[in-house]
Amino acid sequence: MTHHKVLETSGASIGEVGLPELLLLSIQENQEAHAGAESDSRLVRARRQEVTHPVIFIGAGTCGLGAGASATLKAVQSYLQNHEVTADVVEVGCIGLCSAEPLVDVQLPGRPRVMFRKVTEDQVPQLLEAVLSDKIPEAMALGQFRHPTLAPWPDVPMLDEHPFFAPQTRWVLANCGVIDPASLDEYIAHGGYRCLVDVLHTMTPMQVCEAVESSGLRGRGGGGFPTGKKWKFAQGTTATQKYLICNADEGDPGAFMDRAVIEGDPHRLLEGMAIAAYAIGASKAYIYIRAEYPLAIRRLRQAIEQAEAAGLIGPNLCGSGFDLEVVIKMGAGAFVCGEETALIHSIEGRRGMPRPRPPFPAVQGLFGKPTIINNVETLANIPQLMAMGHEAFAAVGTDTSKGTKVFALSGKITYTGLVEVAMGTTIRQVLFDIGGGIPDGKAYKAVQIGGPSGGCIPEQHLDIKIDYESLKTVGAMMGSGGLVVMDEDTCMVDLAKFFMDFIQRESCGKCIPCREGTRRMLEILNVLTRGRKNEARLDAIDRFMSVTQLQQLAETIRQTSLCGLGQTAANPVLSTLRWFRDEYEAHLFQRKCPAGACAELVTYRIDPRLCRGCTACVKKCPTEAIFGSRKNPHYIDPDKCIGCGNCLDACKLDAVIKE
Amino acid sequence: MIHIEVNNRQLEARPEDTLLSCMRRHGLSVPTLCHMDGLVPSGACRMCVVEVEGSPNLVPSCAFPVRDGLRVSTHSPRVVEARRTIVELLLADHPDDCLFCARSGNCRLQDLASELGVKRRFRGARSECQIDMSSCSIVREPAKCILCGKCVRVCEEIQQVGAIDFAGRGSRSRVGTAFNEGLNVSSCINCGQCVVVCPTGALTEKDYTREVMEALDDPNQLVVVQHAPSVSVSLGEEFGLPPGVDVAGRMTAALRAIGFDRVFDTGFSADLTIMEEASELIARIRNGGKLPMLTSCSPGWIRYVETFHNDFLENLSTCKSPQQMMGAVIKSFFAQREGIDPAKIFSVSIMPCTAKKFEAARPEMGRHGVADVDAVLTTRELARLIRSRGINLQQMPAEEADTPFGERTTAGKIFGASGGVMEAAIRTAHYLLTGQELADLNVEAVRGFDGLKQAFLNVNGLQLGVAVVNGVGNVNRLLKEIRDGRSDLHFIEVMTCPGGCIAGGGQPIGIDRSAAAARMKALYQIDAGEAIRVSHRNTAIKQLYDEFLGEPLGHRSHELLHTHYHPADVLI
């Protein structure tokens, strides 16, 4: 695709369709880039390549706000006011390094932008004091942004060389945490909406579908269906009304990729949606987003208003003769509404329950019309894909999985946050090179990938490449991108229990195997983690019987459930059983939890050689289970002990032993 | 032509077939719990799963479209194990009270448990639910609910009432009313179609057999019973007879054997209804009254208007339904004639209907604290009552109903089928308007199962427009047309249940369209086979007017046989 063509074929008309001036400049700049022409100063300013007074950027995504960014913001504002400093304060989204929030960047005129970590409100005065007088507090500096012309700060590392960022391939997240998500101009100045204009004026819908198909882009929401192929289903139908739905109902525990993209770069999603809608012929698009994402919703609303006002979506967008209305539909937070047909029911105003497929939504979807549902990340990939061309896109990744994937790192990992890596990167690289490994010197146990539908990856498979197919070989799946890391202190039976509890609560209740089966599986897991004390006479026999049923039940649920939620509901159990069978056996046969996480299976005793009879533990014991006379070794009555662990914390002599 | 192979047998399929419809047509049986003919498959119960070659998971045959070359196995070990597990899972959350359940012996869950040889495999917590006894007509016992969703679908998609829906998530999912309040304050119209489709005992009619038996045992009470036109053609099914066998005579004998003092035929009061209603129609046409007039025999429909279409209350005929007219004349004319205090008469009606229970309990249906009808039993309850007395219906001798209210014409009998009221009314209206009988008494245009039937008849130059609706949901479009200005209709019959009373909510469980059709056919056979086919020739009716009522729409008629309506105060 050549941008040159745009000017030639419709140069005159583009000028006349009322596109924002900045967008015309951006298109022009892109065409003249080869000729080495200088960028227009308006673009340079909008990109903040040059600033006239200091700019202070505050990472104010949901993760930043959780870490105290709003207090930091107030502190920055009052500092500036008190010291009568003229500066721009910009709230940006999340750059991904959530563990270092609140993040504050400062850009002084004539100097590159520098990012500082953990700038809580009390840190603000000293930071600004130093930076505004041209001194960088090195302990707080994460790194500086690379600038094309300005001389770098001495002794401040480049941000793109930081171990967290260096191995990443940031396409979808390119603007997140960098640009002001509330500014359409900034998005445009960074190349935004150029592709949309290009696509609308130089490509037929079929050509777009084909380009996307050739790129090898696959659905990033979990299923991994080839996006271009999906679009073609709807493209090929002749219905008078078609719909595009952006699935932003991100519900997996530990997943926050979509939220970050929308909060940090909402126009990228809108541009992707406009291209997708054009490709399939949909004049109405819905963004189905969970109501628990208020900031993302606010950003989206604002972005839609701006794009509509600029003629970038709405009737006759970009003068193409094509209309697109974008509507935000808030979901009430049911996990199952991420399933396509349930999501459609929810938009239609009905209870979010899946229905059998076929008919597939691409043929008969929302209000009975052909409907394409893509996830946020999939759609956010589209502008990049069209800009770089499908060949370049397909050059990144593995044979079957192209491009990049965004992951949300959480759990027992040094750098929690959001990363984007090329397909084919290994899990080990993501967790240990980027994520910084397991904190506190603990040993790695497993990572849960793909949320409640996915599986866990044990140590011996850490070198598996991130790829839709290879992850399946170890009983996991790509899923939407949550990576929850577990260390030696995590009990895998407890983990399975957590996910089973989640699924059985979130099952829509429609089909019997999912509704009733997951409930019984959870009960079996509960029985496994229950101590002998809380058992009635026949429970012990049931306990052994039920374990034999666990796998059978999982199999029936997988084979017979109505939707993807049910069919994958048993995965966390099957996966942990596959890799950590020994832990299940320890719970079943020895009534021990090797990780020491299942409270009822943990026993405490006092080493009489170490105990000096200080009675500190006696005072903390809620059930009066500890006996002994002062200055003599004490004893814990196992029948009275409830395993709370207070004694362990109370003992200063390490005489309490947890087993 | 599409060919599929099921269990190594070649089957021809139609392009629109699902696996299930194709297999059923060829006589192959696959169990289902949630499937409903004619509705989009819901795919909820997963009982109909089969193994399709090349498909990694089992597929639900109810929703799986056929394609050429499919190879299917319906009872492979994998399939049977899956079905068994599903039933075992259901039983793990089901009360163990089959012995006391109204549906014992007629329960799909029980049947499947027995067919699949289930064991008690899963023992876990059971859901705790409260029984909802608030409705006069229907009892909900959510503990027995398997969430197949058929009640929800029949209520919303067929009847377009939507009184119940799913609530809650996961294993806490329940079928319930808005805000989980009692059915009595919901928008339920008491039609009982949910009860008929329920595969278990989660929905049952409110049982009044105990009250009836107590009355029968009370020497101070004269217990009188009436039976509705459609009961005699369906009751036999409860005793092993094929659908559509008329057991009116045997039923009369059985009712006497049970101990009822008088056995009357609601067909008589159906004739009476026609006299009043046809006169009311003519009066409305002549006097510029509110048109189109809507029938008022079907109490579910009345409630539907009161709940959803208040603007049509004045269009409803003020005539009470045949049940209530019979009740009223029993406790007035009959009581007077027999010299009994109306309070000492216990009046029972046998109805194909659960809404009749609600109707009988309406405060306006009686005088001076004495209800017109004291207890309403459905066809199913009557069958229980007969069985409880050790009576073998099949072997009962045929007996005649009692005078004076045992005499009916066939016009009263066809009330049991959709279109019957209309046909009977047309026969009499024609006579009242012209003084002549219709040349052909058969008004075929209003017969049959179509949800909306319309006919235009020329009566002495009057172009009489009539419409017949069955399945109350089908009325909405017609009412919208009328609101939008349509004015060519004078009279509309609406029956709440699809097909009319023959497929009412109180009829034997497990009916399909063919059974309902057989019942309908039986009614029209009776109509064709008897001599007196018009209500105005019912001699007992004439006698009633001469001796007691005076004339149709007269003062006494108004007092006893007419009523009024008011908007329903419901939650949603």
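How many helices and strands make up the secondary structure of chain B? Here are some friendly notes to read beside the model.

1. Chain B has 18 helices and 19 strands; helices (H or I, at least four residues) and strands (E, at least two) are DSSP runs, numbered from the N terminus. With a radius of gyration of 25 Å, close to the 25 Å that the globule rule gives for 572 residues, chain B is as compact as a globular protein of that length. That radius is taken over C-alpha atoms, and the globule rule is 2.2 Å times the number of residues to the power 0.38.

2. Please keep in mind that this is a predicted model, in which local features need pLDDT of at least 70, side-chain atom pairs count only at pLDDT 80 or more, and totals for chains, interfaces and linings use all residues. Residues are numbered from 1 along each chain as its sequence is written, while chains are lettered from A and ligands numbered from 1 in the order in which they are written.

3. Along the principal axes, the C-alpha atoms of chain B fill a box of roughly 75 × 55 × 50 Å. Of its 572 residues, 53% count as buried (20 or more other C-beta atoms within 10 Å of a residue's own; 12 or fewer is exposed, in between is partly exposed, and C-beta atoms are placed from the backbone).

4. Now look at helix α17 (residues 539-549) of chain B, where I541(B), L544(B) and L549(B) are buried. They lie on the same side of α17(B) because they cover an arc of only 55° around the axis, an arc of the directions from the helix axis to the C-beta atoms. T539(B), K542(B), D546(B) and E547(B) are exposed on the other side. Just after the helix, G550(B) takes a positive phi of about 90°.

5. Next, find β7 (164-167) of chain B. β7(B) pairs with strand β8 (residues 174-177) of chain B in the antiparallel sense over four bridges; two strands pair if DSSP finds at least two bridges between them. I164(B) stands opposite T177(B) in β8(B). Their hairpin has six residues between the strands, and G168(B) there takes a positive phi near 80°.

6. Finally, the contact takes 31 residues from chain B and 28 residues from chain A, where two residues are in contact if their C-beta atoms, placed from the backbone, lie within 7 Å. On the chain B side, α2 (77-92) and β7(B) are the elements giving two or more residues. The largest share, six residues, comes from α2(B).
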